[in-house]
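Me: I'd like to learn how to read a model like this one. Could you walk me through it, one feature at a time?

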Amino acid sequence: MGNLNYSSGNQYVLTNDQATLLQLLQPILDASHTRDRQSSPPNSACFPGTRVEVIKSIVAWAESTLLWNTHVLWLYGFVGCGKSAIALAIALKFERRNRLVGSFFFFRNTGDRSKMTRFATTLAFQLAIAIPEAAPFIRKAVTDGGLRGLSLTAQLRRLVYEPFKSATKQVGAFKTFFKPFLVVIDGLDECEDREEVRAFIDDMLLFFQKNPLVPLRFLITSRVEQHIEGHLKNGQVRLEDLVDHCSRNDLEAFMNTCFEEEKKRNPVIRAYIQEHGDWPTKEDKATLVDHIGGSFVFASTLFKYIIDPTDSQSTPMERLPHTLKMNPGLDILYARTLSRSQHLPYFHEVISTLALLFEPLPIIGIAELLGIKTFEVVRVLVNLQAIIHIPGTDNLPVTICHTSLRDFLTTESRSGIFFTSPRFHLHLSHRCSIPREHQPDTAITQYTGSRCKDHFSTFISLPRATQDASHHEMLDSIYSHFLAKSENLPHFSDIIATIAPSQTNPPSITEISNLLSIHNYRVQDVLANLKPIISIPRALDAHIIVRQADFFQFLTDQGRSGRFFIPPSHHLKLSYYHFNFSLELWRTVAGPDKKIIRGQALSHSHWLQLGAVSGPELTRLSLDLLSHPPSLSQYLFLFTRHFLRLFEDGHSSITSQEAPDIIVECLSALVLAFECSHKSTLWTHWRFNRVEGSKMKTFFKTRLRIHCEQAMAMQGSVQRVEKAIQSGWQVRPL
């Protein structure tokens with residue numbers, strides 16, 4: 001493997017060129033067969049002397065130089081039948097022969113190892129070390145074009161397939177033709193990016209179709225999943241069902257060796273044998289092998305259950321007969337093991353956390369996340385070592401022995417009382433949202449900083465009936481957490497307030513930027529941190545969708561939102577923004593326009609939600625909330641609202657005492673508008689020509705009661721209007 005050295009800690013010793021590639025590619029260092037399997041599962045390896053035939057068959061295929069041989073072999077089988085152990089054995093064999101290009105062991109809920117995000121760059125880094133001649137081509141592909149924006153298939157072509165072809169040509173076609181290289185990919189079904197998996201398979205097969213002589217083989221292992229099977233089952237791929245290779249002799253050898261080793265360690269078993277003879281008996285071992293049914297993970301878990309040193313209530317000799325009565329499969333074993341800690345405090349929280357974490361955390365990290373003491377986590381886990389791997393230190397991650405345990409816990413029909421509800425993602429998101437500034441570089445702060453949004457997104461993607469909306473305190477904490485990320489950005493309050501009351505008429509990014517007279521990117525910057533709550537469309541003119549309806553109630557309830565509260569008075573601002581936007585459009589568009597009509601309707605809608613406000617109070621509130629100094633459009637807005645309130649907005653609610661004040665404010669606003677610009681007559685004529693004269697006559701006949709002071713104020717305003725109009729005609733006739 002060239003200059004690559006590895007240890008249990010997966011530390012690499014690199015040349016300067018390789019170190020440069022490491023920085024450029026940012027590969028996952030614990031995804032290959034060289035990883036520390038204790039902290040980076042799956043922790044499975046073939047037991048010495050077992051799986052000999054299937055390994056021999058795969059090696060023969062991988063080394064074959066026949067032109068008609070397939071480039072890809074898919075080894076598939078059920079849970080626990082030993083796929084990962086065989087993949088590891090094959091990778092080690094080809095590494096010793098200097099024919100291994102690289103390996104990638106997928107595993108669910110382990111961050112990037114459960115995604116395709118860094119798959120190509122990880123394989124490329126391993127290729128550069130395995131075949132140094134490929135390194136310059138990889139470096140050139142990265143430095144010339146870069147990787148930003150490239151699809152997975154484009155990355156694989158530029159970083160793996162093409163550099164491999166170029167490197168093997170340099171080494172010599174004859175030499176490499178008779179010695180193919182191998183890539184090992186284990187647990188492809190563990191990858192969460194299903195669409196990317198399909199794309200990877202199709203593009204890989206297309207590459208081999210176009211390059212039939214390339215000396216490269218891919219060994220892929222997985223369970224039978226529809227998105228994998230449908231793309232791998234074709235004439236280009238060799239299929240191997242591991243069920244056909246599950247040997248009873250292999251299982252017998254495994255169980256015999258395990259029991260013999262335990263006899264040497266366990267004084268209780270030795271004392272029992274001295275008194276009762278050999279244990280287990282041949283009959284019991286034969287029955288046990290029959291009971292296992294070909295599953296190595298079941299065999300391993302069953303053995304751990306039998307000899308569990310943490311169970312002080314019974315001996316291995318007493319537990320063996322119980323295991324023989326269990327139904328075949330892991331569910332009964334999982335349930336029986338979990339029941340040992342079921343009565344302990346925080347059992348449900350600890351187990352649910354292990355089941356739903358996106359990346360494994362150490363014991364101290366789990367405790368910090370849940371807000372409990374470290375010993376309380378240890379207390380729950382210490383009885384579960386048959387199914388959960390607990391490292392020797394609090395700083396190494398806790399991992400489950402097999403992904404089937406996570407499947408068991410998250411499937412209610414299988415786990416029953418041990419079921420982990422997906423609603424628990426809300427609790428984890430809430431715990432992630434709690435600030436932890438005092439520990440900036442710990443595993444838990446890194447996890448909470450990057451995964452809070454993932455837990456919350458998973459929760460709100462659940463069907464509405466599945467969500468439990470009663471946990472307002474958790475939701476409020478999470479909302480505040482995401483809002484706080486943007487609150488120091490320009491225009492934050494106005495942008496959020498524009499979205500808050502718009503549940504029935506959601507705006508677009510373009511509409512918000514037009515209303516607030518700001519650039520689109522300002523809106524995008526604020527909303528970027530709210531993606532778990534708000535669905536942001538790619539098209540700037542598409543409507544923004546708030547994914548959690550409760551977010552509206554949060555923003556408009558001061559008791560819940562605190563400093564993020566959007567007061568009802570903000571409807572006045574929104575009413576003005578829409579008015580002003582429509583006014584600007586009307587000045588440039590000939591005749592009625594859909595955007596103008598929508599703007600007027602939204603302005604009116606927000607105005608109605610403002611509620612009853614007196615004339616003078618409306619003027620004062622408007623001048624306080626809106627721009628300083630007041631503009632022409634602001635005075636026109638005040639005039640419009642006062643005027644329409646008298647004659648269009650349900651004027652029957654206005655009393656005879658209120659009406660004169662509103663008329664005075666209406667005329668005052670009109671005066672100020674005319675004094676700003678005589679062009680305001682254009683707007684007032686267009687906007688109010690549809691108000692019926694009968695409404696005005698009826699109103700003045702039945703409602704108006706004017707005092708002397710109010711009459712004088714009106715007379716003064718009329719005189720100022722007349723003067724402003726005359727001045728406007730003299731300057732520029734309309």
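Reply: Let's start with the nonpolar core: a set of buried Ala, Val, Leu, Ile, Met, Phe, Trp, Tyr and Cys residues joined through side-chain atoms within 4.5 Å. Buried means under 20% relative accessible area, exposed is over 50%, and partly exposed is in between (1.4 Å probe, protein chains only). Keep in mind that this is a predicted model, where local features need pLDDT of at least 70, side-chain atom pairs count only at pLDDT 80 or more, and totals for chains, interfaces and linings use all residues. Residues are numbered from 1 along each chain as its sequence is written, and side-chain values use heavy atoms, with hydrogens and water left out.

Me: Which residues touch the most other members of the largest nonpolar core?

Reply: Those are L381, I388 and F456, in a core of 111 residues. Helix α29 (residues 570-588) gives the most to this core, with nine residues. Helices here are DSSP runs of H or I with at least four residues, strands are runs of E with at least two, and both are numbered from the N terminus.

Me: What is I388 in contact with, leaving aside its neighbours within four places in sequence?

Reply: Contact means heavy atoms within 4.5 Å. By that rule, I388 meets I351, L354, L381, V398, T399, I400, C401 and L405. Another core, of 53 residues, lies apart from the largest one, and its members include V160, C191, L205 and V214.

Me: Now the sheet. In what order do the five strands come?

Reply: Strands of a sheet pair through backbone hydrogen bonds, either parallel or antiparallel. To count as paired here, two strands need at least two DSSP bridges between them. This open sheet runs β2-β3-β4-β1-β5, with parallel pairing. β2 (100-105) and β5 (237-241) each have a single partner strand, so one side of each is left without a neighbour in the sheet. On average, neighbouring strands are turned by 15° against each other, direction ignored.

Me: How many bridges join β1 to β4?

Reply: Five, with β1 covering residues 72-76. You can find L75 opposite T221 in β4.

Me: And which strands does helix α3 touch?

Reply: Helix α3 (residues 83-96) packs on the sheet against β1, β2, β3 and β4, its direction making about 155° with that of β3. For such angles, axes are lines fitted to C-alpha atoms, for helices over the stretch in contact, and angles run from 0 to 180 degrees between N-to-C directions. α8 lies across β1, β3, β4 and β5, at about 155° to β4.

Me: Last topic: how many salt bridges does a search of the whole structure find?

Reply: Side chains of opposite charge can pair when their charged atoms come close. The cut-off for a salt bridge is a side-chain nitrogen of Lys or Arg within 4 Å of a carboxyl oxygen of Asp or Glu. The search finds 28. One of them joins R223 to D189, with the closest N and O atoms 3.0 Å apart. These two sit 34 residues apart, R223 in the loop between β4 (216-222) and α9 (226-232), and D189 in the loop between β3 (181-186) and α8 (194-210).

Me: Is R223 buried or exposed?

Reply: R223 is buried, at a relative accessible area of 14%, and D189 is buried too, at 10%.

Me: What about R414 and D331?

Reply: Their side chains meet in a salt bridge at 2.6 Å, N to O. R414 is in helix α20 (residues 412-415) and D331 in helix α15, so the pair ties together parts 83 residues apart in sequence. R414 is partly exposed at 36%, and D331 is partly exposed at 25%.
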